[in-house]
Amino acid sequence: MIIYNVTVNIDESIHEEWLTWIKEHIPQVLGTGKFEKVTLTKVLVEEDMGGQTYSIQYRSYSREALDAYYREDAEKMRIEGLKKFADKMLAFRTELQIVDEYTVNFK
């Protein structure tokens, strides 16, 4: 499984508006059918540039599904955020491959 990770730094002046928007945007991305699960996390380390930083982790069904997202949907999804928030948002994207997952249950 591949995680498509989008890390976004948001200017304080639009933080609340962006947070509302991203919570509407994520279901639209899921609606493409290319991802099975999304985790929205807040980065707790303070950035020198200021603002609030978030990581949105989209779990793809497969490499093929992620590639199809890039071909069919990614540009449209990116443009929407860029038009709305322009220079008040800085985003970068990475791909992560899950190697193993572990859990523990203490009783």
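## Close-up views of helix packing and aromatic pairs

**View 1. Helices H1 and H3 are roughly antiparallel to each other.** In this predicted model, local features need pLDDT of at least 70 and side-chain atom pairs count only at pLDDT 80 or more, while totals for chains, interfaces and linings use all residues. Residues are numbered from 1 along each chain as its sequence is written, and side-chain values use heavy atoms, with hydrogens and water left out. H1 and H3 pack at an angle of about 165°, with their axes 11 Å apart; angles under 35 degrees count as roughly parallel, over 145 as roughly antiparallel, 65 to 115 as roughly perpendicular and the rest as oblique. Axes are lines fitted to C-alpha atoms, for helices over the stretch in contact, and angles run from 0 to 180 degrees between N-to-C directions. Helices (H or I, at least four residues) and strands (E, at least two) are DSSP runs, numbered from the N terminus.

**View 2. Residues of H1 meet residues of H3.** Glu-17, Trp-18, Trp-21, His-25, Gln-28 and Val-29 on the H1 side are in contact (heavy atoms within 4.5 Å) with Met-77, Glu-80, Gly-81, Lys-84 and Phe-85 on the H3 side.

**View 3. Trp-21 and Phe-85 form an edge-to-face pair.** Rings of Phe, Tyr and Trp (its six-membered ring) pair if their centres lie within 6.5 Å, and planes under 30 degrees apart count as stacked, over 60 as edge-to-face and the rest as tilted. By this rule there are 9 aromatic pairs. In the pair of Trp-21 and Phe-85, the ring centres are 5.4 Å apart and the planes stand at 70°. Because Trp-21 lies in helix H1 (residues 15–30) and Phe-85 in helix H3 (residues 74–85), the pair ties together parts that are 64 residues apart in sequence. Trp-21 is buried, with a relative accessible area of 8%, and Phe-85 is also buried, at 3%; buried means under 20% relative accessible area, exposed over 50% and partly exposed in between (1.4 Å probe, protein chains only).

**View 4. Phe-35 and Tyr-69 form an edge-to-face pair.** Their ring centres are 5.0 Å apart and their planes are at 70°. Phe-35 belongs to strand S2 (residues 35–42) and Tyr-69 to helix H2 (residues 63–72), so that the pair links distant parts of the chain, 34 residues apart. Phe-35 is buried, with a relative accessible area of 2%, and Tyr-69 is buried, with 4%. Tyr-4, Phe-35, Tyr-58, Tyr-69 and Tyr-70 form one aromatic cluster.
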